[in-house]
Amino acid sequence: MANTFEALELFKRELAERNVNIVGLLRDPVDHETADTILLRFLRARQNDVHEALALLQEDVAWREELSREELPSRSLADVIGCDGDTTRRLMELEELAGFDHEGRLVLFCDIRKLPAVCRRLPSGAALASLLKFHVWKQERMTRVLPRLAAVMGGDSSAQAEGVTVMLDLDGASEGARGAGPDGAGGLDLLEYIQTMVTIDERHYPERVAQLVL
């Protein structure tokens, strides 16, 4: 297995030979990251295996091209989800910043108990799709502002390169799941929602979550 520097150089050669558009991958690009730091995320996610990292990156590029993701950060959440202002506010209140962990990384607290009330305001049968669009919209924006946000909150902006710590409050999750069924809140399957959200992060935002605390 190549060391990190060797793997990065080989990765870049493979990308050049295959004419992979790295500029498109960088999302315009994120102002606190270089091409190398983003490529290193894909490498670390696949333990420096260049061929596995290349497959992951190519999947991400295709995903972004298909969904025209490059325009998403500039659109309002109401436009992305197709909802009113009050629903947008409730979506944003599902998550909140809760300070820093012992490594200096920002902590994002997610309150699953609020999901049923939010889902009841979404179109029938569209709760999962809407929540996943919200997640992608949030991730695209957060990658751009985390270091600056950490600095404003009095933290170390450089520590955010390692990702955030996510605390997922599942207290009462079984009750929330029952309340979010077809008769309760737009047909949301709580387990499917969490699993799909984690899959999106693993495939398209590698190394953005430093740790997940349940």
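Mentor: On a 1 Å grid over the protein atoms alone, a pocket is an open set of points with protein on both sides within 12 Å along at least five of seven lines, a cavity is a set where a 1.4 Å probe fits but cannot get out, and lining residues have an atom within 4 Å of a point. Points are joined across faces, edges and corners, and a volume is the space filled by probe spheres set on them. The model is predicted, with local features needing pLDDT of at least 70 and side-chain atom pairs pLDDT 80 or more, whereas totals for chains, interfaces and linings use all residues. Residues are numbered from 1 along each chain as its sequence is written, and side-chain values use heavy atoms, without hydrogens and water.

Trainee: How many helices and strands does the protein chain have?

Mentor: Helices (H or I, at least four residues) and strands (E, at least two) are DSSP runs numbered from the N terminus. Read in that direction, the elements run α-α-α-α-α-α-β-β-α-α-β-α-α-β. The count for the protein chain is therefore ten helices and four strands.

Trainee: How much space lies in the largest pocket, and which residues are closest to its centre?

Mentor: The largest pocket holds about 530 Å³ of space. Its lining draws at least two residues from each of helix 3, strand 2 (106-111), helix 8 (127-152), strand 3, helix 10 (190-204) and strand 4. Of the 32 lining residues, those closest to the centre are Gln139, Val166, Asp201, Arg208 and Val209.

Trainee: How do the residues of that lining divide into nonpolar, polar and charged?

Mentor: Ala, Val, Leu, Ile, Met, Phe, Trp, Tyr, Cys and Pro count as nonpolar, Asp, Glu, Lys and Arg as charged, and the others, Gly among them, as polar. By that scheme, the lining of the largest pocket divides into 16 nonpolar, seven polar and nine charged.

Trainee: What is the volume of the largest cavity?

Mentor: There is one cavity of 30 Å³ or more. Leu94, Glu95, Cys110, Asp111, Ile112, Leu115, Phe134, Leu168 and Tyr193 line the largest cavity, a set of seven nonpolar, no polar and two charged residues. The volume of the largest cavity is about 70 Å³.

Trainee: Which residues of helix 3 are buried?

Mentor: Buried means under 20% relative accessible area, exposed over 50%, and partly exposed in between (1.4 Å probe, protein chains only). Of the 214 residues in the protein chain, 45% are buried. Just after helix 3, Gln47 takes a positive phi of about 50 degrees. Within helix 3 (residues 35-45), the buried residues are Ile38, Leu39, Leu40, Arg41, Phe42, Leu43 and Ala45.

Trainee: Is Leu170 buried, partly exposed or exposed, and why?

Mentor: Leu170 sits in the loop between strand 3 (164-169) and helix 9 (173-179), and its C-alpha is 6.0 Å from that of Ile112, although 58 residues separate the two in sequence. Because its relative accessibility is 32%, Leu170 counts as partly exposed.

Trainee: Which class does Leu214 fall into, buried or exposed?

Mentor: Leu214 belongs to the segment after strand 4 (209-213). Because its relative accessibility is 69%, Leu214 counts as exposed.
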